Amino acid sequence: MKQKHDIVMLVLSSPSGAGKTTISKKIQQKYPNFKISVSHTTRKPRPNEVDGVDYHFVDKKKFKDLVNDNQFYEFAEIFGNYYGTSKKSIKDLQEKNYNILFDIDWQGTQQLAKFKDLDLLKVFILPPNKNELENRLSLRNQDKEEVVKQRLKHYSDDILHWHDYDYVVINDNLENCFKQIEKIIEDNTSFSLNDFLK
Ligand code: ADP
Ligand code: 5GP
């Protein structure tokens, strides 16, 4: 039996559109001691996204400089853009004793897992099926049609990586999925989530 986490670093990965951003925001809203790690990306902001909140939006040159300066725990090229977790943003959250939520892909998870000082709990989220994923990506209405197609094309490869994770959860009904993730946190931490309700 793995030792329970006093402070948890919860990694949520999934094929694009399965719901990890929705779920991580919901955790952060309900439990103020959980904070999302804000990644850097070279992707352009979507209409509803805010710099510094959803991502730190940077150009390729800035991203490369940060890579060369060894500022990232991990980074990956995904759908033609770069995404990375900066050491500084994690350190800031750790100093305030927050539980940290990571919304990153399987490549980033593999890299983070090599840092043995990061105490990860890794959850892979699946959509109920590929058609529903396509619906969600289209209904999200934030990406152009070709971007949606490109993301769907990665579905089969993405799901192969479920075995790198501690748990796999299907996000069919959002409330059920959320409850399962709350239970995973409860089962693996020395604290009770109820103590941290907003
Ligand atoms: P990801 O971060 O994994 O790419 P999002 O959280 O952005 O996915 O979710 C994609 C879309 O699906 C969003 O419009 C979101 O509101 C919707 N969504 C998330 N979970 C569910 C669910 N269980 N049922 C229906 N729609 C969902
Ligand atoms: P999106 O463009 O939809 O916001 O994100 C695309 C993919 O990039 C998602 O799978 C998301 O989890 C992943 N991602 C976001 N930030 C990071 C990061 O810092 N590192 C890695 N490796 N993946 C990330």
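1. A residue is taken to be near a molecule if one of its heavy atoms lies within 4 Å of that molecule. In this predicted model, 15 residues surround ligand 1 on that basis, and the closest are Gly17, Thr21, Thr22, Arg140 and Asn171. By class, this shell around ligand 1 is made up of two nonpolar, eight polar and five charged residues.

2. Several polar approaches to ligand 1 can be listed with their distances. A polar side-chain atom of threonine 21 lies 2.4 Å from an oxygen atom of ligand 1, and an N or O atom in the side chain of arginine 140 is 2.8 Å from an oxygen atom of this ligand. For arginine 136, a polar side-chain atom lies 3.3 Å from a nitrogen atom of ligand 1. Taken alone, ligand 1 exposes 570 Å², of which the protein buries 77%. The elements that give two or more residues to the shell around ligand 1 are helix H1 (20–30) and helix H5 (130–140).

3. Turning to ligand 2, there are 17 residues around it, of which Ser39, Arg43, Tyr55, Tyr83 and Arg151 come nearest. The shell around ligand 2 divides into six nonpolar, four polar and seven charged residues, and strand E5 (72–78) and strand E6 (81–86) each supply at least two residues of it.

4. The polar contacts of ligand 2 include both side-chain and backbone atoms of the protein. An N or O atom in the side chain of arginine 43 is 2.6 Å from an oxygen atom of ligand 2, while a polar side-chain atom of arginine 46 lies 2.8 Å from an oxygen atom of that ligand. From the backbone, an N or O atom of isoleucine 104 lies 3.5 Å from an oxygen atom of ligand 2. On its own ligand 2 has 510 Å² of accessible area, and the protein covers 95% of this.

5. Strands E5 and E6, which contribute to the shell around ligand 2, also belong to an open sheet of four strands with the order E4-E3-E6-E5 and mixed pairing. Strand E4 (56–57) and E5 are the edge strands, each pairing on one side only. Strand E3 (residues 40–41) and E6 run antiparallel and are joined by two bridges, with histidine 40 standing opposite glycine 84 in E6.

6. Which strands of the sheet does helix H2 touch? Helix H2 (residues 60–68) packs on the sheet and touches E3, E5 and E6, and its direction makes about 140° with that of E5.

Terms used:
Residues numbered from 1 in each chain as written. Chains lettered and ligands numbered in written order. Predicted model: local features only at pLDDT ≥ 70, side-chain atom pairs only at ≥ 80, totals over all residues. Heavy atoms only, no water. Polar contact = N/O pair within 3.5 Å; in protein donor to acceptor, adjacent residues only side chain to side chain. Areas by Shrake-Rupley, 256 points an atom, 1.4 Å probe, with all protein chains shown as cover. Nonpolar A, V, L, I, M, F, W, Y, C, P; charged D, E, K, R; others polar. Pairing = 2+ DSSP bridges. Contact = heavy atoms within 4.5 Å. Axes fitted to C-alpha atoms, helices over the stretch in contact; angles between N-to-C directions.
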